[in-house]
Amino acid sequence: MTAVLAPSAADLDPGTVRLDPPDTRPAPVSDRLAAPTLSRPSLVALVPAHNEAEGITSSIAALQPQVDRLVVVADNCTDDTERLAVAQGAEVFATVGNTAKKAGALNQALRLRFRRTAERRRQEERVAPERVAVERRVRDRRAASSATSDACDYVLVQDADSLLDPWWVELARRTMEEDPGLGGVGGVFRGSDDPGFVCMLQRNEYARYARDVARLKGRALVLTGTASMFSRKVLNEVVDGRERGVLPYGSGEVYDTKVLTEDNELSLAIMHLGYRIKSPKDCTLVTEVMPTWRELYGQRLRWKRGAIENLVDYGMTRVTFRYWLRQVVTLLGITVTALYLGAIVWVLVMEGSLTLYPIWLAVTGIFIAERVITVRARGPQQMLLASVLLVEMVFDVFLQGVHLRAYVDSLLRTEKRW
């Protein structure tokens, strides 16, 4: 049976969350998420959604056959998102008073689940200590013999505009079971088939990202919000780490609500706890692409500024070193591009023409070959398009301009916009 549920205001206060027996209200969906895990490792999918009526049905259809429970976390929706989700067979968790966007919505769902679970466990220990002791022994035996203990009680978080391929969850689950050192598994995404030039450029960009991930054997920089699976044990450790001050954002929540890129920050948090993250090349999915340059600018400015500010929050550590190094390389790339284009303009203005030298033609040829080869997976037509250097160069310069703006905004601490 599906239902639209909403927690009370008292439930949402971190200092007052408790299980108040007897309670005649319908059990919060978060309680029902926390089903016993003795029979098999459970997997709960949380789909944060804000006015996602256009794509929520397709997203649920792709995800639902793969998970034990699917909960749409409806955050301040004013369209048909909730109705469509229920009609599709999903459960709906409606946020209350959330002003912290996706991170705040997910925290509400996760907070109730974890804290109520702990409180319920203590209550069960009081009323049925023998049964609880037996269950604990079973869990301990499983922990000793395999990876099918708490570490295999999973939470999958997926954007409402993503469509998982049918094998995604099984591959992610298997990857985590085989490697207890993983704190989370992410996906490798393809761009949706929306028409338009800017959409095509993003699909090429994502194809190159997938190629890079495959060549690095799944080594990922971030578990993106498109789709990522975590073990419950690790998320609890994140909560504990924030409460103890080991991690930034000491409110004891899973997600940092102050940042622009909550997925990037959570990835850093998990790695600072000693876990690794991975995006297996076959954990594939489709995600939306921005239809206009304006929307792409807004999306990328948020991503890039969020990533920079995440690094500032963590500082220079053994984990963030390689991320800082990438920022330095990116800044050098922006500088070189600016000098290159500036020199061309200067020569044209001063001399009225360009003189082509063999060495620079060779360098240009290498650059074109890289552009063509890296989109080979998308077929001959895209390879031909990529061979026209100026076409993709416009996109690269655009992204570099956005990155430069992100540096400036971070430095000046301008108002953050989601």
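**How to read it.** The model is predicted, with local features needing pLDDT of at least 70 and side-chain atom pairs counting only at pLDDT 80 or more, while totals for chains, interfaces and linings use all residues. Residues are numbered from 1 along each chain as its sequence is written, and side-chain values use heavy atoms, leaving out hydrogens and water.

**The whole protein.** You can find 14 helices and eleven strands here; helices (H or I, at least four residues) and strands (E, at least two) are DSSP runs, numbered from the N terminus. Of the 418 residues, 45% count as buried, meaning under 20% relative accessible area with a 1.4 Å probe, protein chains only. Among contacts (heavy atoms within 4.5 Å) with a separation of 6 or more, 76% are between residues 24 or more positions apart.

**Two crossing helices.** Look next at helix α7 (residues 197-215) and helix α14 (residues 389-412), whose axes come within 11 Å and cross at roughly 80°. Axes are lines fitted to C-alpha atoms, for helices over the stretch in contact, and angles run from 0 to 180 degrees between N-to-C directions. On the α7 side, the residues in contact include F197, L201 and R208; on the α14 side, they include V391, F395 and L399.

**A three-stranded sheet.** Helix α7 also lies across β8 and β11, at about 160° to β8. Those two strands belong to an open sheet with the order β6-β11-β8 and mixed pairing. Because β6 (162-164) and β8 (188-191) stand at the edges with a single partner strand each, one side of each has no neighbour in the sheet. On average, neighbouring strands here are turned by 30° against each other, direction ignored.

Strand β7 (residues 182-186) has five of its five residues buried, so the rest of the structure largely encloses it.

| Strand pair | Sense | Bridges |
|---|---|---|
| β6 and β11 (residues 284-287) | antiparallel | three bridges |
| β7 and β10 (residues 276-278) | parallel | three bridges |
| β7 and β9 (residues 227-231) | antiparallel | three bridges |

Note on methods
Buried < 20%, exposed > 50% of the residue type's maximum accessible area, 1.4 Å probe, protein only. Pairing = 2+ DSSP bridges.
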